Amino acid sequence: MIENISIYELLTVSTILFFIGLYGFLTRKNLIAMMMAIELLLNAAVINFVVINKYLFPDMLQGVYFSIFIIAVAAAETALAISIIINLYRLKTSVAITETETMKY
Amino acid sequence: MERVFFYIFAVIIIVFAIASVTSKKILRAIMYLLMSLLAIAALYFMMDYAFLGAVQMAVYAGGIIILFIFSVLLIHHVEGEIEEPSKMRKIGMALLSLLGLGISLATIYSFDFKVATKTATTSVENIGKGLLNYGEGGFILPFEVISILLLAAMIGAIIIAKGRKNI
């Protein structure tokens, strides 16, 4: 654990980060900007896993493993979403969410 | 000393995250996100999880940010600006986020965490042995599932981004 820092302060940082990401996800109108907000949400979750592992169960490593898995899933998700966005841009020449109302074609 | 560094990193994380979700220029927003992710990696280093900090820097700062920059350069102008939402929507969503933040913080501060007093150092060797352990409590199955998932995501990304016309 970090010297002189309680678990509450670290959890406060991760909670603030989560809700900043939520605000960005709800207000952005561009698909790439929404993806960036999702990265912030995932990072807040990873910080929670790591902090709870370090402060409550320091002799176990389950939180670290789950953090590595979350980071891997985030990388896969970003690669897929960006390929979808590039393909969508070819069809519509726009990445604003108001232009993409149907998922049919 | 650790306290000072922790507060510096916490302020960097939060300020750059706010800048990242409110900036109008999309390339600048990506750079702010990069600063925030690097400060999070610094928090992992401070918590003595050096391997996790290295993974965060390599995968997020090295991989995901580069993907974002590539996609922005492919489909936007470099100085491209993001369409702004209406003011009412911004204020409403900010209030909603603050409400959720208040409820979550109240829940966290009213919960009594049983913080362990002992400290243990973790080496990369322990992490690797635990990940590849197929005994009790081992993580070999999720590890293999993740590798299949990454392979499937790679093939899927290639096929989706290739488009329909030129096979």
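User: What domains does the domain assignment give for chain B?

Analyst: In this predicted model, the assignment for chain B lists domain 1 (1–82) and domain 2 (121–167), with bounds that come from an automatic or database domain assignment. The centres of domain 1 of chain B and domain 2 of chain B, taken over C-alpha atoms, are separated by 23 Å. Residues are numbered from 1 along each chain as its sequence is written, and chains are lettered from A in the order in which they are written. Because the model is predicted, local features need pLDDT of at least 70 and side-chain atom pairs count only at pLDDT 80 or more, while totals for chains, interfaces and linings use all residues.

User: How many helices and strands are there in chain B?

Analyst: Chain B has six helices and zero strands, where helices are DSSP runs of H or I with at least four residues, strands are runs of E with at least two, and both are numbered from the N terminus. Along the sequence this reads as the pattern α-α-α-α-α-α.

User: What radius of gyration does chain B have, and what would a compact globule of 167 residues have?

Analyst: Chain B has 21 Å, whereas a compact globule of 167 residues would have a value near 15 Å; the radius is taken over C-alpha atoms, and the globule rule is 2.2 Å times the number of residues to the power 0.38.

User: How many residues of chain B are in contact with chain A?

Analyst: In chain B, 70 residues are in contact with 60 residues of chain A, a contact being two residues whose C-beta atoms, placed from the backbone, lie within 7 Å. The largest share of this side of chain B, twelve residues, comes from H3(B).

User: What makes the side of chain B that touches chain A nonpolar, polar or charged, by class?

Analyst: That side has 50 nonpolar, 13 polar and seven charged residues, with Ala, Val, Leu, Ile, Met, Phe, Trp, Tyr, Cys and Pro counted as nonpolar, Asp, Glu, Lys and Arg as charged, and the others, Gly among them, as polar.

User: Why are H3(A) and H6(B) called roughly parallel to each other?

Analyst: Helix H3 (residues 62–92) of chain A packs with H6(B) at an angle of about 10°, their axes 9 Å apart. Axes are lines fitted to C-alpha atoms, for helices over the stretch in contact, and angles run from 0 to 180 degrees between N-to-C directions. Angles under 35 degrees count as roughly parallel, and H3(A) and H6(B) are therefore roughly parallel to each other.

Technical notes. Parallel < 35°, antiparallel > 145°, perpendicular 65-115°, else oblique.
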